[in-house]
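Dear colleague,

Please find below the structure that I am handing over to you. My findings follow directly after it.

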Amino acid sequence: MLTQNGCIMYSKTSFKYIVLIGFGIFIFQACATVGGVSGSTRTYSESYEAVKEMVNQAINETKLTIDDMAELKDKPVTVYKISVNKAVGKTHMTQEGGKVIVRKLSNGIVEVEVVNPEYHYTVPDYQKEDYQRILMPVLDKRMEPREASK
């Protein structure tokens, strides 16, 4: 720290360190957010049936519709195929479909994963639906996630 005419002046290297530390904290926080709150999976301690019902209600609460639902016979896994129906004039058009996968893990924990569709590169960004962004806040509001999933 240097003083000149009664004013405190910081050296250029001190300023660089402050900026570097601030940037590091920003990056750390951004990485934590990607893996936690805005990730594509959530885990729950509730029963498999209760989580399936919660997912069904959450989908119906949004602008999403369930196109198909399938349950595996040999494993506790349910797959919901979802989409957005949009009206163009008097015609209803269905967007690309995504999935919601509910699976009971071997340790009894139930995992919910929301999978966005893979759009062709020719589809403009404004026409792409982010099912994770639409559905995850509703799931978090309806049932407390067990922990931030990987």
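Residues 30-38 call for caution in this predicted model, since their pLDDT stays under 50. For this stretch the model has six contacts beyond four places in sequence. Across the chain the pLDDT averages 76, and 66% of the residues score at least 70.

As to the overall architecture, the chain has three helices and eight strands. Read from the N terminus, the order of the elements is β-β-α-β-α-β-β-β-β-β-α. Of its 150 residues, 28% count as buried. Among contacts between residues at least 6 apart in sequence, 50% join residues at least 24 apart.

The largest nonpolar core comprises 23 residues. Val51, Val55, Val100, Leu135 and Leu139 have the most contacts inside this core. At least two core residues come from each of α2 (48-61), β5 (77-88), β7 (98-104), β8 (110-115) and α3 (131-142). In soluble globular proteins, nonpolar side chains tend to be buried together.

Helix α3 has twelve residues. The distance from its first C-alpha to its last is 17 Å, close to the 16 Å expected at 1.5 Å a residue. The buried residues in α3 include Tyr131, Ile134, Leu135, Met136, Val138 and Leu139. An α-helix has 3.6 residues a turn, so residues three or four places apart point the same way.

Strands β7 and β8 run antiparallel and are joined by six bridges. Within this pair, valine 102 stands opposite valine 112 of β8. The two strands form a hairpin with five residues between them, where glycine 108 takes a positive phi near 90°.

Is arginine 42 buried or exposed? Arginine 42, which is found in strand β3 (residues 41-44), has a relative accessible area of 4% and is therefore buried, the cut-off being under 20%. The side chain of arginine 42 makes a polar contact with the side chain of aspartate 140, at 2.8 Å.

With kind regards

Conventions. Residues numbered from 1 in each chain as written. Predicted model: local features only at pLDDT ≥ 70, side-chain atom pairs only at ≥ 80, totals over all residues. Heavy atoms only, no water. pLDDT = per-residue confidence, 0-100. Contact = heavy atoms within 4.5 Å. Core = buried A, V, L, I, M, F, W, Y, C linked by side-chain atoms within 4.5 Å. Buried < 20%, exposed > 50% of the residue type's maximum accessible area, 1.4 Å probe, protein only. Helix = DSSP H or I, 4+ residues; strand = E, 2+ residues; numbered from the N terminus. Pairing = 2+ DSSP bridges. Expected span 1.5 Å × (residues − 1). Polar contact = N/O pair within 3.5 Å; in protein donor to acceptor, adjacent residues only side chain to side chain.
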